[in-house]
Every structure is written in structure tokens, then in C-alpha cells.
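Here is a briefing on a structure, arranged by topic. Please keep the sequence and the 3D view open while reading.

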Number of protein chains: 2
Amino acid sequence: MAMQERAVRTRRIFLEAAAQVFIEYGYEAASISTILERTKLTRGALYFHFTSKEGLARGVLDEAVTTEGLTPQAFKVQEWVDVGMLLAYRLPREPLLGASLALSVDPAARALFGTRWPDWIELGRGLLAEAKERGEIHQHIEPMVAARLVVGAWTGVRLVSGALEELDLVGEISELYGLLLPNLVVPGVLARLDTSMYRAERLLRAAREARGARDDEEEFLVGDDRRMPVR
Amino acid sequence: MAMQERAVRTRRIFLEAAAQVFIEYGYEAASISTILERTKLTRGALYFHFTSKEGLARGVLDEAVTTEGLTPQAFKVQEWVDVGMLLAYRLPREPLLGASLALSVDPAARALFGTRWPDWIELGRGLLAEAKERGEIHQHIEPMVAARLVVGAWTGVRLVSGALEELDLVGEISELYGLLLPNLVVPGVLARLDTSMYRAERLLRAAREARGARDDEEEFLVGDDRRMPVR
């Protein structure tokens, strides 16, 4: 493994451990020692990447707005729905995403770092504005207002369904879109949208397979290079 | 002031101070000393009512599910909307309500005390079930699911609009209902629902005036009693 690649992986291990600790303890009660214990790496390795708990929290928040799995669709409004469905699938599985939400709802952390909500809202607003231009959503819908409300609604459905433990987030978010979309989307487009519970997993698998294929090609090239005799 | 009434007011002062401190610092970082400082009352008076920070938090949560201002309406679904609109008006103005939400989203506090979300959901479910029986909402709507999603959506819109400081909660919640109701409510009823921003304030003023009138009568009776000569 190349030096730089190893550094990237080590940094990621620290971020994920920090994320898990932020989720379990909250930002205030999280300690560097607890984070370090989970990684089985040295304090020196940690300080090479992050000099403080604040740095770790900023690192977590930097990774939070992600469109992995999002691919171009016939309807822009489908892409907007996909953002929310993909996140519903990924958040319970990826500590970095869960921790970003935890830091956003924690008043102490929010005062220090702000939230990524404005970025999520801007992502949604852009997609809805394009959808509106194409006539996919009703003309009376204000993309900024709808994007903001849905970021809020998504966040709260996550919090409440997380507290009522037996609920699956993908199912709840799918129900939420079922309630919201008929007021946003014109009927002809609405009938052709996919808001099913299985969509996100399918999109993500496709994206990861496509990326895996690319990674394998790169790996092969690297291997070839290594085999070149030094003359 | 009668002894008991004074005790009720003192208890309330402690609860409201605790609520403000929970909102500002979060549950973990909140201290009994900080709470006490804000009341200008003695530690003895506090311990007469509450023996711990846990007790104060439980006291705050006990007050959280409130239907003040809610009055019978021609449509049950209007009463359901009124619950959300009244809370949107009151929460930013009443620390006990804001603190209850803050305790619910705080992982440490939630682990200790749970949340009041199940009670809000049950309140909504009951109203929606009646609305459904009366044919006010669509037959395919499941009252439990809709009540749960709207408690979630309401909570998240509060959190996000609170973080984007310039936003008024009543306006945002009114927009949220504008997006949700056309999918829930049958057209004939929908056209007669009031989701305006001014509704909550008006309902609450009417309820408080009605209560004020009753309180005055009681005050008068108490006064009369006092004026009775001891013979």
C-alpha cells in the first residue's frame, strides 16, 4: 500500500471512531482517549492527523454532505427524491453520517461548528429549481421553501424514528415522500417516480460496482507498474 | 397568596429556570448551581421541590404535552392541525416546551428519561382516527403513520428553522401543513381548514381570556371568603 493511501485510511479510521463516540456520548462527553481506544492506534498517529476533538468534529462534518449513489435520472425530481432515499439507507449504516446529524442537533457542537443543513438545502433547492424549469413540479412550489421543509422533515423523522427503536428509516422516509410528493409533483411525472424502499440499496450497489470496476482497473495498472523491472 | 399556591409558583420558577439552562447548555453541562442562580431563591427552597437535576428534567418533561388553546372545532382534522400550530406559536415563547424538545434530542437525556414523542403521536393518532371516521381525511391514510410522520416532520422543521436563525417557526409550520394537508384531507374539508399564521395566537388569546374570566371569578370567591368575619 502506498504511503499516501495508508495515511488516508488511517485518517478515516480516526474519523469513524470519533463519529461512533460522538453518536454514543454526545460531543461534550466524548473524549480523545475513548476515541483512541477504539482505533488501537497510537496517540502520535492521531495527532499527525487531528490535533483536537474540534478537528475531529470538523472532519466528520466535512464528510457529511455526500451524493454517493446519485446518478442522472430522466426526471430531476427523481434525483431530488434519491438524495433523501440514499441518505436514509446510508445514515444508519455509516457512523460519519449519523455523527454529522448528532453534532447538528447538539447545541454545544452547533454553536462551535454550525450545521451542514444549509448545504443539504442548497443541494435540494438546485435540483428542485431544475425540476421546476422542466415542468416536473407545480409552478406554485418555491424550490427554496420545499427544499428547506423537506430537509427539516427528513431530519425530524430520523430523530423520532430513531427514538421509537423498532422503525426502519428507509421505510419511514419512503412514507414521508408518499405524503409530500403528490403536492409537489405534476401528476404525469408523479406516476413515474420510484419511492420504493428498495431503490436506495439498488442505486448504491450499482454505483459501488461501477466504482469497484474502475478501482480494479487502477489496481491492475499499479500492479503492472510494480512489476516493471528496475534497470 | 395561599401557602399551596405559593408552593406551586415556586416550583414553576425552578422548572422554568431549569428549562432555560437545559436549552442553553444541554442536559450534561447544565448544573444545579446555574439553575439556582437564575431564580434568586435558596437551595433549601429548591430541594423542597426537587432533589436532583434528574428530578428537574422529569418535571420539565411532565409539562411538555399540552393542549392549551385547543378548543372543539367543526372538523377534527382542524383540531389536529391546531395542536401543531399552537405548539409552533408557544414553543419559542415557553422555555418548558423548548427544553422538552432539547432533552428529547439529547442522547444522554433521552437515555435517562425517554421522550414525549409517543404521547404527541398518540394525541395526533386519536384526532386523525376520529377525522377518518367522519370522512374528513382520505380512507387510505393510516392515522398512526400520518401522526408519527408529522410529529417527526414538525420536530425537524423546528430544529432546522431554529438553526437558520431568521426563520419564524409559525410560518414554517404553516408552510409544512400547506405541503402535507392536500394529501391527507378530502377536498371539501381542505377548502375550509384554517392553517394561517395568525390562527394559533388568536386561539390562545381566546383560551386565556376565557380562563382569565374564570380565574377572576374564583379570585372573587376567595376574596369573599377572606372577608368573612371570624366569629
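Helices here are DSSP runs of H or I with at least four residues, and strands are runs of E with at least two, numbered from the N terminus. On that basis chain A has twelve helices and zero strands. The model is predicted.

**Fold of chain A**

- Read along the sequence, the pattern of chain A is α-α-α-α-α-α-α-α-α-α-α-α.
- The C-alpha trace of chain A spans about 65 × 50 × 30 Å along its principal axes.

**Interface between chains B and A**

- On the chain B side, 34 residues are in contact with 34 residues of chain A.
- About 2,800 Å² is buried between the two chains. Carbon and sulfur atoms give 77% of that area.
- Two salt bridges are counted between chain B and chain A.
- Glu172(B) forms a salt bridge with Arg148(A). The closest N and O atoms of this pair are 2.5 Å apart.
- Four residue pairs, both members at pLDDT 80 or more, are in polar contact between chain B and chain A.
- Four helices of chain B each supply at least two residues of the side that touches chain A: α7 (107-113), α8 (117-133), α9 (143-163) and α10 (169-184).
- Which helix gives the most to that side of chain B? The answer is α9(B), with twelve residues.
- By class, the side of chain B that touches chain A has 23 nonpolar, six polar and five charged residues.

**Largest pocket**

- The volume of the largest pocket is about 860 Å³.
- Its lining counts 46 residues. Nearest the pocket centre lie Ile23(A), Ala102(A), Arg158(A), Pro107(B) and Arg110(B).
- Which helix supplies the largest share of the lining? That is α6(A), with six residues.
- The lining residues divide into 29 nonpolar, seven polar and ten charged.

Notes
Residues numbered from 1 in each chain as written. Chains lettered and ligands numbered in written order. Predicted model: local features only at pLDDT ≥ 70, side-chain atom pairs only at ≥ 80, totals over all residues. Heavy atoms only, no water. Contact = heavy atoms within 4.5 Å. Buried area = accessible area lost by both parts, 1.4 Å probe. Salt bridge = Lys/Arg side-chain N within 4 Å of Asp/Glu carboxyl O. Polar contact = N/O pair within 3.5 Å; in protein donor to acceptor, adjacent residues only side chain to side chain. Nonpolar A, V, L, I, M, F, W, Y, C, P; charged D, E, K, R; others polar. 1 Å grid on protein atoms, 1.4 Å probe; cavity = no way out; pocket = protein on both sides within 12 Å on 5 of 7 lines; lining within 4 Å. Points joined across faces, edges and corners; volume = space filled by probe spheres on them.
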